[in-house]
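The report that follows goes through a single protein chain, from its overall fold to selected details. Please keep the sequence and the coordinates at hand while reading.

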Amino acid sequence: MRFNTISAAITVCLFFSACSTNSARTETPSPQELAPAASTSGETRTVKSRDGSYTGEIIGTPAAGSKFSQLQIGMQAMEIQKMIGFPDKSHSYESGKRWIPFYFGNDARRMQVLYKDEGCLIFTDGGHFNSGGDLIQIQVDPSGACYEP
């Protein structure tokens with residue numbers, strides 16, 4: 001009986017000491033956090049979508065006359081493809097919103113595309129019951145290092 005009480009006390013002490021350690025916890029960064037700063041200026045601007053319903057980001061400054069200089073946050077993927085052509089690479093990934101209970105928005109998935117010599121674009125890519133395709137981020141990076149599949 002005494003042995004069970006002592007082992008239970010030791011187990012509880014070990015549990016609480018393990019929970020209170022100050023070891024550095026590392027979280028896996030998103031592809032956007034791993035991407036280097038934009039090559040043009042590296043500044044990040046938060047801008048309203050063209051309809052004003054949400055905000056997006058523009059990282060760097062597109063060169064005058066470049067394909068990306070024509071883009072606006074909130075444009076549809078098909079609209080952009082008609083305007084500047086098809087991307088060179090693309091992939092989609094789950095956003096953290098996928099696991100929010102009862103989230104039915106269009107941002108449960110995201111799509112990243114690469115345009116060589118321009119940079120990367122990130123779009124909403126749909127949810128449970130809808131499709132996405134709204135531009136939410138422009139990364140000016142002619143080197144293409146912003147693309148992280």
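## The disulfide

Cys146 has a relative accessible area of 2% and is therefore buried. Its partner is Cys120, which is joined to Cys146 by a disulfide with an S to S distance of 2.1 Å, in a model that is predicted. The two cysteines belong to distant parts of the chain, 26 residues apart, with Cys120 placed in strand S5 (residues 119-124) and Cys146 in the segment that comes after strand S6 (135-140).

Cys120 is likewise buried, since its relative accessible area is 0%, which falls under the 20% limit that is used for that class. The torsion about the S-S bond of Cys120 and Cys146 is about 90°, and the disulfide is therefore right-handed. The structure holds 1 disulfide in total.

## Confidence in the model

The mean pLDDT of the protein chain is 74, and 58% of its residues reach a value of 70 or more. Over residues 11-40 the pLDDT is below 50, although this stretch still has 19 contacts in the model beyond near neighbours in sequence. Where pLDDT is low, the predicted coordinates should not be read in detail.

## Overall fold

The protein chain contains 3 helices and 6 strands, and when these elements are read along the sequence they follow the pattern α-α-β-β-α-β-β-β-β. Of the 149 residues in the protein chain, 34% are buried. Among the contacts between residues at least 6 apart in sequence, 48% join residues that are at least 24 apart.

## The cavity

How many cavities of 30 Å³ or more does a search of the whole structure find? The search finds 1, and about 40 Å³ of space lies in the largest cavity. Rolling a probe the size of a water molecule over the atoms shows where empty space is left.

The lining of the largest cavity is made up of Ala77, Ile80, Gln81, Pro87, Met111, Val113, Tyr115 and Phe123. At least two of the lining residues are supplied by helix H3 (77-84), and at least two by strand S4 (109-115). Sorted by class, the lining has 7 nonpolar residues and 1 polar residue, with no charged residues.

## Two exposed loop residues

Phe86 is found in the loop between H3 and strand S3 (89-94), and because its relative accessibility is 66%, this residue counts as exposed. Which residues does Phe86 contact, leaving aside its neighbours within four places in sequence? Phe86 is in contact with Gln81 and Tyr115, and both of these partners are listed in the lining of the largest cavity. Although Phe86 and Tyr115 are 29 residues apart along the chain, their C-alpha atoms are separated by 8.0 Å.

Asp117 lies in another loop, the one between S4 and S5. This residue has a positive phi of about 65° although it is not a glycine, and Asp117 counts as exposed because its relative accessibility is 63%, a value over the 50% limit for that class.

Conventions:
Residues numbered from 1 in each chain as written. Predicted model: local features only at pLDDT ≥ 70, side-chain atom pairs only at ≥ 80, totals over all residues. Heavy atoms only, no water. pLDDT = per-residue confidence, 0-100. Contact = heavy atoms within 4.5 Å. 1 Å grid on protein atoms, 1.4 Å probe; cavity = no way out; pocket = protein on both sides within 12 Å on 5 of 7 lines; lining within 4 Å. Points joined across faces, edges and corners; volume = space filled by probe spheres on them. Helix = DSSP H or I, 4+ residues; strand = E, 2+ residues; numbered from the N terminus. Nonpolar A, V, L, I, M, F, W, Y, C, P; charged D, E, K, R; others polar. Disulfide = S-S within 2.5 Å. Buried < 20%, exposed > 50% of the residue type's maximum accessible area, 1.4 Å probe, protein only.
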